[in-house]
Amino acid sequence: MDDDGDVAGQMKSAWCARLGAHIAELQSQINRIVKLGLAPADAELAAKAGEQLAAARRVLGKKHRFVKRITGLYADAALAYVHEAEVAILRLLPADELGWRGSRIVTQARLHLAADDERLVNLEAALKRNNNLLTPDLRELAVSTLHAAQQAEEAERARTCSFSQIIAASIVIMTVIAALFAAWGYVVPAVAEKFCFTPPEGMVCPIGHSAQGSDLLLVLFIGALAAALAAALAGAVSLRSMRGTSGPYRIAVLLLVLRLPVGALSAALGILLISGEFLPGLSSLDSEAQIVAWAAAFGILQETVTRAVDKQGQLVLDNVRAPNRGFEP
């Protein structure tokens, strides 16, 4: 760790390492600008930019809970601090160092702003007149355009993070429901009896010939197992087509894990539908193997539900249009 608090080789993930390296670069730029000499007002702006980078370091260095790590909840805060520091550096750069930076700002703005955004249109026109060079009189327009593009990117990433949180919450809620359902079957045998059938030969349950809590537990387990198999097969396809993000968002992983509780509950619900003679032609099952087989079938059929969620996840990932490379003076 150096005097500014930047750390090399100790980041928790590749994304953290990339952002940490960018923070170190921005800090070096601030230090250089300060040593060149600043007016009191600009010196205060440089100090604030340093505080923003220090806050980003704290976010990256803090030990976050599993949910925050898996959903990328901490990413938005770190990026927001870095973005504000980048804007401050653009304000502080000496006039003779602005030059080619206009092209980089336009490139980033095109990714996140509408093509007819007035700031972007005006900046592009001005740079075209100046042989693609950013001059001091265009500094405020460039600052405004960069800031708007960064805010738009933060909104895109916030939606991605929110979607990750929704999926994570769904996993927890459905897992709790499945666990409570299994416990209910142990406490109240009449609940487990709903998963048994009465052919002419006598009562048939998933395990044996009498209702018990383990019958419901087996149905839930087989449904989750079948869903896991379907997830393994679907994952090879969905992960191949699903584009990743430059942020620490684990949407693809969450979508695969979501299939397990959904598969368990789908199996239980499917057996209940058969037991209640809701499905035509399936009024009774004759053996333990048939009950288990149908539980597995319903566990696999959850793909028809989770596939729609996969599509929404792909749309959310597509909304983050390109990896953030930041403004690198």
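**Entry 1**

I began with Arg32, which is partly exposed at 30% relative accessibility. I noted the scale: buried means under 20% relative accessible area, exposed over 50%, and partly exposed in between, with a 1.4 Å probe and protein chains only. The model is a predicted one, in which local features need pLDDT of at least 70, side-chain atom pairs count only at pLDDT 80 or more, and totals for chains, interfaces and linings use all residues. Residues are numbered from 1 along each chain as its sequence is written, and side-chain values use heavy atoms, with hydrogens and water left out.

Which residue does Arg32 meet in a salt bridge? I found Glu97, at 2.7 Å from N to O. A salt bridge here is a side-chain nitrogen of Lys or Arg within 4 Å of a carboxyl oxygen of Asp or Glu. This pair links distant parts of the chain, 65 residues apart: Arg32 is in helix H1 (residues 14–36), and Glu97 is in the loop between helix H4 (75–92) and helix H5 (101–112). Helices are DSSP runs (H or I, at least four residues), as are strands (E, at least two), numbered from the N terminus.

**Entry 2: Further salt bridges**

I recorded a count of seven salt bridges. Among them, Arg91 pairs with Glu140, with the closest N and O atoms 3.0 Å apart. Arg91 belongs to helix H4 and Glu140 to helix H7, 49 residues apart. Arg91 is partly exposed at 36%, and Glu140 is partly exposed at 46%.

I also looked up Arg119, whose side chain meets that of Asp117 at 2.9 Å, N to O. Is Asp117 buried or exposed? Asp117 counts as buried, at 13% relative accessibility, whereas Arg119 is partly exposed at 33%.

**Entry 3: The disulfide**

A disulfide is a covalent bond between the sulfur atoms of two cysteines. Here the partners are Cys196 and Cys205, with sulfur atoms 2.0 Å apart. Their link is right-handed, with 110 degrees about the S-S bond, and both cysteines are buried.

**Entry 4: Nonpolar cores**

I next examined the cores, each a set of buried Ala, Val, Leu, Ile, Met, Phe, Trp, Tyr and Cys residues joined through side-chain atoms within 4.5 Å. The largest has 44 residues, and those with the most contacts inside it are Trp15, Leu19, Leu60, Leu90 and Leu134. Helix H4 gives the most to this core, with ten residues. A second, separate core of 19 residues includes Ala182, Val204, Ile222 and Leu285.

**Entry 5: Aromatic pairs**

I listed three aromatic pairs. Rings of Phe, Tyr and Trp (its six-membered ring) pair if their centres lie within 6.5 Å; planes under 30 degrees apart count as stacked, over 60 as edge-to-face and the rest as tilted. Why is the pair of Phe181 and Trp184 tilted? The pair is tilted because the planes stand at 45 degrees, with ring centres 6.3 Å apart. Both residues lie in helix H7, three residues apart, about one turn of the helix. Phe181 is buried at 18%, while Trp184 is partly exposed at 48%. Ring pairs link Phe181, Trp184 and Phe195 into a cluster.

In helix H11 (residues 288–301), Trp294 and Phe298 are four residues apart. I noted that Trp294 is partly exposed at 32% and that Phe298 is buried at 13%.

Notes: A disulfide is a pair of cysteine sulfur atoms within 2.5 Å.
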